[in-house]
Amino acid sequence: MFELFRTRRFLPLFITQFFGAFNDNYFKCAILTLVTFKLTADASRAAMLTNLAMAVFILPYFLFSALAGQISDKFDKAPCCRIVKFVEIVLMALAATAFLCGNITALLILLFLMGAQSTFFSPAKYSLLPQHLKERELVAGNALIEGGTFLAILIGSIAGSLIIVLPGGVGWSGLLLTGLAVVGYMASRRIPPAPPAEPGLKLSFHLAAETKNILQDAFRRPRVRHCILALSGFWMVGSLYVSQLPGLSRDVLGADHYVNTFFLTLFSIGVALGSVAASRLLHGRISARLAPAAALGMALFTLDLFFATSGKGGAEGELRSFAALATHLSFWRTVLDLLGIAVTGGIFSVPLQALMQRAAPAGMTARVIAANNIVNALFMALAALAAALTVKCFALSASGIFLAIAIVNAGNAVYSLKLLRAPARRRR
């Protein structure tokens, strides 16, 4: 699978995606860190701005995914990628100025525009894979893209949180973001042409109506529908895992923020390893046969994580370091559970992404991916809302939420069996 890195059909797209994901998450985490520690001393205002920033970044996926899918199906995807990446350079140059001025409003507007930029790039990049790769390479290509994306998210998130608060970190952050946007744009110029899938498609700017249309078109095909819903279930629990890691570290284990960073690193590397493992296990075959077992594995590891952490409370006084926790076997049980969840998550998601790309009707791949993005975003937003309400109303700890996640994963394992029975529609 790593031979794909030798090909122009794949490497430029991988580099473009990697640095785009890095910039997205560096910028987002830098803003959240500035808001929390630098730009306001009001804890309630900081919490409000943090939640607003997360909503602002995900909102474009609801608003613009339908239009993004149409554009990627109507036009050559390679120039679409170049245009989107050029826009990223402009946005990051403006972000550098906004950082120096400490203008929260400007930073939030730019975060929204970066979310929009990512919204338009997503259907183009994922619909490029089945166009440029052979069928036996499709699982491997998706595995490398997903594994690389999770590592870029990890590195960008950590770097954005750490560099922005250093002396001169605001200026260096602007230069880094702009420079990497230029690298991504230069890589995008090497992406080979990808002829339009449906050049006669008439663009519709009625965003709500077109969103409804692409969802209906995608959901009337059983295999596509099952892939979208199963993947949305995965992204829903994935977002919950990541959001519960700080609470698991501080409130359950009584650990400091370095342990939380370790857990985030472990989770991202685990998904990357699972993505590669999925490709190895399937030997290039596009199949959903691993999905039910992988989802069940996520459920069992999460259930064990619940039992390993239930009844525990944060340590009294000073938070404990990694070295202090490392002497306890129960800590390593938590580590193994998190790693198991992440690896089985990668094994679950990668084959379904490839299956969805192949099952999409010819000429509609980008719009199917756009539909998937909309439903993914909806599931993640609902999960965040449900978790917030549950914690507020029932004072549920991170450990208790893991029990709910285990139940959802078990349900997704059962639902994934539909993918083994759903008829494959012929691409037309």
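The paragraphs below lead through the predicted model from its nonpolar cores to its surface, its aromatic pairs and its salt bridges.

Because this is a predicted model, local features need pLDDT of at least 70 and side-chain atom pairs count only at pLDDT 80 or more, while totals for chains, interfaces and linings use all residues. Residues are numbered from 1 along each chain as its sequence is written, and side-chain values use heavy atoms, with hydrogens and water left out.

A nonpolar core is here a set of buried Ala, Val, Leu, Ile, Met, Phe, Trp, Tyr and Cys residues joined through side-chain atoms within 4.5 Å, where buried means under 20% relative accessible area, exposed means over 50% and partly exposed lies in between, for a 1.4 Å probe and protein chains only. The largest nonpolar core has 86 residues, and the members that touch the most others are Phe10, Leu129, Tyr241, Leu248, Phe263, Phe348 and Leu352. With contact taken as heavy atoms within 4.5 Å, and with residues up to four places away in sequence not counted, Phe10 touches Leu4, Phe5, Leu129, Leu133, Gly141, Leu144 and Ile145. Another core, of 32 residues, lies apart from the largest one, and Tyr26, Ala95, Leu111 and Ala152 are among its residues.

Helices, named here by number from the N terminus, are DSSP runs of H or I with at least four residues. Asn25 lies in helix H1 and counts as buried at 11% relative accessibility. Leaving aside neighbours within four places in sequence, Asn25 is in contact with Ile153, Gly156 and Ser157.

On the surface, Leu151, Ile155, Ile269 and Leu273 form a nonpolar patch with about 320 Å² of accessible area together. Such patches are made of residues with over 30% relative accessible area and no salt bridge, nonpolar side chains (Val, Leu, Ile, Met, Phe, Trp, Tyr) being joined within 5 Å and like charges within 9 Å; the areas come from the Shrake-Rupley method with a 1.4 Å probe, and for residues only the protein chains shown count as cover. Helix H5 (138-163) and helix H9 (257-282) are the elements that give two or more residues to this patch, and Leu273 has its place in helix H9. In the loop between H9 and helix H10 (291-309) stands His283, whose phi is near 50°, a positive value in a residue other than glycine. His283 is exposed, with a relative accessible area of 70%.

The aromatic rings come next. Rings of Phe, Tyr and Trp (its six-membered ring) pair if their centres lie within 6.5 Å, and planes under 30 degrees apart count as stacked, over 60 as edge-to-face and the rest as tilted. A search of the whole structure finds 23 aromatic pairs. The rings of Phe5 and Phe14 have centres 5.0 Å apart and planes at 80°, so this pair is edge-to-face; Phe5 is partly exposed, with a relative accessible area of 26%, whereas Phe14 is buried at 15%. Phe27 and Phe99 form another edge-to-face pair, with 5.6 Å from centre to centre and 85° between the planes. This second pair links distant parts of the chain, 72 residues apart, with Phe27 in helix H1 (residues 11-39) and Phe99 in helix H3 (residues 77-101). Phe27 counts as buried at 0% relative accessibility, and Phe99 counts as buried at 3%. Ring pairs also link Phe2, Phe5, Phe10, Phe14, Phe18 and Phe19 into a cluster.

Charged side chains complete the picture. A salt bridge is a side-chain nitrogen of Lys or Arg within 4 Å of a carboxyl oxygen of Asp or Glu, and the whole structure holds 8 salt bridges. In one of them, Glu137 pairs with Arg9, the closest N and O atoms being 2.8 Å apart. Glu137 lies in the loop between helix H4 (104-132) and H5 and Arg9 in the segment before H1, so the pair ties together parts that are 128 residues apart in sequence. Glu137 is buried, with a relative accessible area of 11%, while Arg9 counts as partly exposed at 27% relative accessibility.

Asp73 and Arg367 also meet in a salt bridge, at 2.7 Å from N to O. Because Asp73 lies in helix H2 (residues 43-74) and Arg367 in helix H13 (residues 365-394), this pair ties together parts that are 294 residues apart in sequence. Both Asp73 and Arg367 are buried.
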